[in-house]
Amino acid sequence: MKAAVREIFSSVQGEGPYVGTRQIFIRFDGCNLSCRYCDTARSGAARHCRVEAVPGKRDFVEVANPLSGPELVKLLQKYFNAGGHHFTSLTGGEPLVHAEYLEGLLPAIKQMGLKVYLETNGTLYAELSRVIGLIDIVAMDIKLPGTSGCGPLWEKHHPGQAGTGVC
Ligand code: SF4
């Protein structure tokens, strides 16, 4: 199983109760929404992943997509070896469009001793239920009807509603 990833880098969390902590960011490609202000293409077909050669140095190199779980874990190893990271942050795009891939990947990340921080648009409840046991922190957006590109999402944000894929 493989997934397209846009970027892997070390940086400081800028939001929420863990603001200021250094995290490893895995920025997945693809999303089920189309927010007006989005900086990520919806397709999930990025040909290359930008990876920091040295964690925190912004010296990116390109790695061909898609990446298998073992390939991604190998890329993460140098971040783990560098130390100082509190979490691995899954961001995007929408990480949960890759839920099946995450089921295979996250146990290996946990084995490296890293906690998992999920950033999600909160519309893929069924996909979240597949991986929630492997997630330490969920940072969830509420999308207002005028921004999502998909109209009102109140029911999809409700935990009683199953995720419905691309809007
Ligand atoms: S949920 Fe996030 S990644 Fe998806 S379209 Fe909106 S801003 Fe972009």
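Two residues are said to be in contact if their C-beta atoms, placed from the backbone, lie within 7 Å. The structure is a predicted model, in which local features need pLDDT of at least 70 and side-chain atom pairs count only at pLDDT 80 or more, while totals for chains, interfaces and linings use all residues. Residues are numbered from 1 along each chain as its sequence is written.

The overall architecture comes next. The protein has 4 helices and 9 strands; these elements are DSSP runs numbered from the N terminus, with helices (H or I) of at least four residues and strands (E) of at least two. Along the sequence their order is β-β-β-β-β-β-α-β-α-β-α-β-α. The C-alpha trace spans about 45 × 30 × 30 Å along the principal axes. For 167 residues, a compact globule would have a radius of gyration near 15 Å, and the protein agrees with this, because its own value is 15 Å. The radius is taken over C-alpha atoms, and the globule rule is 2.2 Å times the number of residues to the power 0.38. Among contacts between residues at least 6 apart in sequence, 67% join residues at least 24 apart.

A residue counts as buried if 20 or more other C-beta atoms lie within 10 Å of its own, as exposed if 12 or fewer do, and as partly exposed in between, with C-beta atoms placed from the backbone. Of the 167 residues, 37% count as buried. In soluble globular proteins, nonpolar side chains tend to be buried together. A nonpolar core is a set of buried Ala, Val, Leu, Ile, Met, Phe, Trp, Tyr and Cys residues joined through C-beta atoms within 7 Å. The largest such core here has 33 residues, and those with the most contacts inside it are Val 5, Ile 26 and Val 116. Several elements give two or more residues to this core, including strand S2 (5-12), strand S3 (22-28), strand S8 (115-120) and helix H3 (125-131). The largest share, 5 residues, comes from H2.

Helix H2 also takes part in a helix pair. Helix H1 (residues 69-82) and helix H2 (residues 99-111) pack at an angle of about 35°, with their axes 10 Å apart. Here the axes are lines fitted to C-alpha atoms, for helices over the stretch in contact, and angles run from 0 to 180 degrees between N-to-C directions. On the side of H1 the contact is made by Gly 69, Leu 72, Val 73 and Leu 76, and on the side of H2 by Tyr 101, Gly 104, Leu 105, Ala 108 and Ile 109. These residues divide into 7 nonpolar, 2 polar and no charged; Ala, Val, Leu, Ile, Met, Phe, Trp, Tyr, Cys and Pro count as nonpolar, Asp, Glu, Lys and Arg as charged, and the others, Gly among them, as polar.

Individual residues of H1 may now be considered. Gln 77 lies in this helix and counts as exposed because it has 10 C-beta neighbours inside 10 Å. Gln 77 and Met 112 are 35 residues apart in sequence, and their C-alpha atoms are 8.1 Å apart in space. Ala 82 is also placed in H1, and it is partly exposed, with 14 other C-beta atoms within 10 Å. Ala 82 and Ala 99 are 17 residues apart in sequence and 28 Å apart in space, C-alpha to C-alpha.

Gly 30 has its place in the loop between S3 and S4 and counts as buried, with 22 C-beta neighbours inside 10 Å. Its C-alpha atom is separated by 8.8 Å from that of His 98, 68 residues away along the chain. Arg 58, in the loop between S4 and S5, has a positive phi of about 60° although it is not a glycine. Pro 66 is found in the loop between strand S5 (60-64) and strand S6 (67-68), and the peptide bond from Asn 65 to Pro 66 is cis, with omega near -10°. The peptide bond from Gly 92 to Gly 93 is cis, with omega near 5°, and Gly 93 lies in the loop between S7 and H2.
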